[in-house]
Amino acid sequence: MPELSLIEEAERLGQALVPVAEGGTPGRVNRELALALGASGMFDRIFKEEGVAAVDLCRIRQGLARVCTEAETALAVQGLGGSPIHLNATSAVRERWMPLLRSGEAVAAFALTEPGAGSDVANLALEAVPDGDGYRLNGEKRYISNAPEADVATVFARTTPDAGARGVTAFVVPIDTGGISPMHLDMLSPHPLGGWVFDGAFVPSDHVLGEIDQGFRVAMQTLDMFRPSVGAFALGMAEAALRIAVEHAATREAFGSPISEFQGVSHQLADVRTAIEASGHLVYSAAAAYDSGKDETLTGKAAMAKVHATETAQHAVDVAIQVLGARGLESDSTLAHLYKEVRAPRIYEGTSEIQRNIIAREMFRQRI
Ligand SMILES: Cc1cc2nc3c(=O)[nH]c(=O)nc-3n(C[C@H](O)[C@H](O)[C@H](O)COP(=O)(O)OP(=O)(O)OC[C@H]3O[C@@H](n4cnc5c(N)ncnc54)[C@H](O)[C@@H]3O)c2cc1C
């Protein structure tokens with residue numbers, strides 16, 4: 001039997017995890033799912049000693065997204081929150097958290113966004129004030145995946161006032177630290193999301209990630225690694241929607257023939273198929289640029305991959321629902337589930353508008 005590709009391996013795993021995902025509460029961290037992902041070895045793959053290859057991260061996310069978006073999101077957020085710890089923490093802090101994050105016994109979060117700082121994240125206000133051998137955190141993080149239930153978070157805080165991106169430091173914050181209050185948010189999608197209010201929460205100095213005032217580097221290192229793979233998540237969802245639509249169009253009859261024979265149906269699906277193929281090329285080209293470590297076009301490519309793949313996925317799900325007619329809107333159908341899931345990736349890790357700003361900036365900078 002030929003060896004499975006990593007995409008197929010992740011897809012099979014996702015299939016096996018569907019019952020575990022369905023056993024969770026929508027919008028809440030599913031601990032069983034985190035443990036199952038840990039037991040499968042997938043967290044070990046994303047927390048490799050030298051960091052995960054972006055191409056592999058994309059393959060895993062695409063494969064999981066084809067069949068189990070909850071497993072995909074659990075894996076991605078664990079990676080987002082855990083990678084800064086894995087790559088930047090002191091050895092004592094790494095040794096405390098990484099075994100728990102690899103096994104899924106602990107769940108991580110990546111806390112950058114605040115009520116007053118989303119796209120304009122360099123404007124973040126949560127302050128970290130020196131106090132003895134550490135810092136006291138005051139402020140709020142909101143719209144954070146896996147919050148408020150996560151066990152540990154990478155938290156970005158202001159250490160130098162009025163210094164924009166140059167005055168931000170990254171911290172590892174165990175969430176059982178005193179002075180942290182939880183806040184849960186219900187979203188349209190089943191995505192676990194919330195925030196925390198920090199009221200003098202103490203973080204020791206050895207919980208700083210990287211250098212003081214250099215936290216933006218940590219944030220960008222992580223987001224650069226993950227941005228193409230948001231596209232891969234979208235790609236997997238788009239493929240799932242198209243599969244359902246093609247199967248339906250080939251078998252559903254109206255006016256005496258399969259609806260696939262109506263050009264109004266088949267051309268819509270042909271366009272989606274083409275856009276998915278293009279997204280795939282963009283996503284894996286951006287991931288390869290990241291992995292090469294020296295591709296100057298990475299920033300623009302990653303932005304193109306994210307905006308194209310996430311907007312294609314939105315369109316793919318919409319077309320698939322149209323092709324299925326009323327069936328596509330049954331609330332327990334896969335397409336209804338995808339309809340809710342597909343919206344958020346156009347907003348998080350940089351909105352579509354911000355991606356277009358980046359593409360335009362890079363285009364004019366390089367005159368291409
Ligand atoms: C499901 C979900 C999960 C999330 N998970 C996390 C997480 O784990 N960690 C985390 O830190 N954050 C997370 N976020 C937050 C997310 O990153 C922010 O929502 C995002 O960066 C946008 O910020 P905002 O919502 O404040 O919108 P705003 O920044 O207020 O933007 C509002 C609108 O204005 C547009 N806009 C803003 N500036 C410009 C500009 N310069 N040019 C053109 N248009 C512009 C935006 O594109 C958008 O359409 C998550 C969000 C969602 C929905």
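At what angle do helix α4 and helix α8 pack, and how far apart are their axes? I noted that the model is predicted before looking this up. For α4 (residues 54-67) and α8 (residues 263-292) I get an angle of about 145°, with the axes 7 Å apart. I then listed the residues that meet: A54, V55 and C58 come from α4, and V283, Y284, A287, A288, Y290 and D291 come from α8. Sorted by class, this contact has eight nonpolar residues, no polar ones and one charged.

Entry on domains. I took the division as domain 1 (6-103), domain 2 (108-213) and domain 3 (217-366). Over C-alpha atoms, the centres of domain 1 and domain 2 are separated by 22 Å. Their contact draws 20 residues from domain 1 and 21 residues from domain 2. On the domain 1 side, α5 and α6 (91-103) are the elements that give two or more residues. Of these, α5 gives the most, with 10 residues. I classed the residues on that side of domain 1 as 11 nonpolar, seven polar and two charged.

Entry on the ligand. I counted 20 residues around the ligand, and the closest are L112, G118, S119, T351 and E353. At least two residues of the shell come from each of β1 (108-111), β3 (134-145) and α11 (352-366). The shell divides into 11 nonpolar, seven polar and two charged residues. I also asked which domains the ligand lies between. Domain 2 and domain 3 both give residues to the shell, so the ligand lies between these two.

Entry on α10. Which residues of helix α10 (residues 334-341) are buried? I find L335, L338, Y339 and E341. They cover an arc of only 165° around the axis, so they sit on the same side of α10. I looked up what covers the buried residues of α10, and the cover includes α5 (69-88), α7 (215-251) and α9 (298-324).

Entry on backbone exceptions. Most residues other than glycine have a negative phi, and most peptide bonds are trans. I looked for departures from this. The peptide bond that joins A147 and P148 is cis, with omega about 0°. P148 lies in the loop between β3 and β4 (152-158). D213 has a positive phi, near 70°, and is found in the loop between β8 (208-209) and α7. E349 has a positive phi as well, near 55°, and its place is in the loop between α10 and α11.

Is each of these two residues buried, exposed or partly exposed? D213 has 16 C-beta neighbours inside 10 Å and therefore counts as partly exposed. E349 has 21 C-beta neighbours inside 10 Å, so this residue counts as buried, the cut-off for buried being 20 or more.

Last entry, on S5. I placed S5 in the segment before α1 (6-22). S5 counts as exposed because 11 C-beta neighbours lie inside 10 Å. I also checked S5 against R346, which is 341 residues away along the chain: their C-alpha atoms are separated by 28 Å.

Methods:
Residues are numbered from 1 along each chain as its sequence is written. This is a predicted model: local features need pLDDT of at least 70, side-chain atom pairs count only at pLDDT 80 or more; totals for chains, interfaces and linings use all residues. A residue is near a molecule or strand if its C-beta atom, placed from the backbone, lies within 6 Å of it. Helices (H or I, at least four residues) and strands (E, at least two) are DSSP runs, numbered from the N terminus. Ala, Val, Leu, Ile, Met, Phe, Trp, Tyr, Cys and Pro count as nonpolar, Asp, Glu, Lys and Arg as charged, and the others, Gly among them, as polar. Domain bounds come from an automatic or database domain assignment. Axes are lines fitted to C-alpha atoms, for helices over the stretch in contact, and angles run from 0 to 180 degrees between N-to-C directions. Two residues are in contact if their C-beta atoms, placed from the backbone, lie within 7 Å. A residue is buried if 20 or more other C-beta atoms lie within 10 Å of its own, exposed if 12 or fewer, and partly exposed in between; C-beta atoms are placed from the backbone. The arc is that of the directions from the helix axis to the C-beta atoms.
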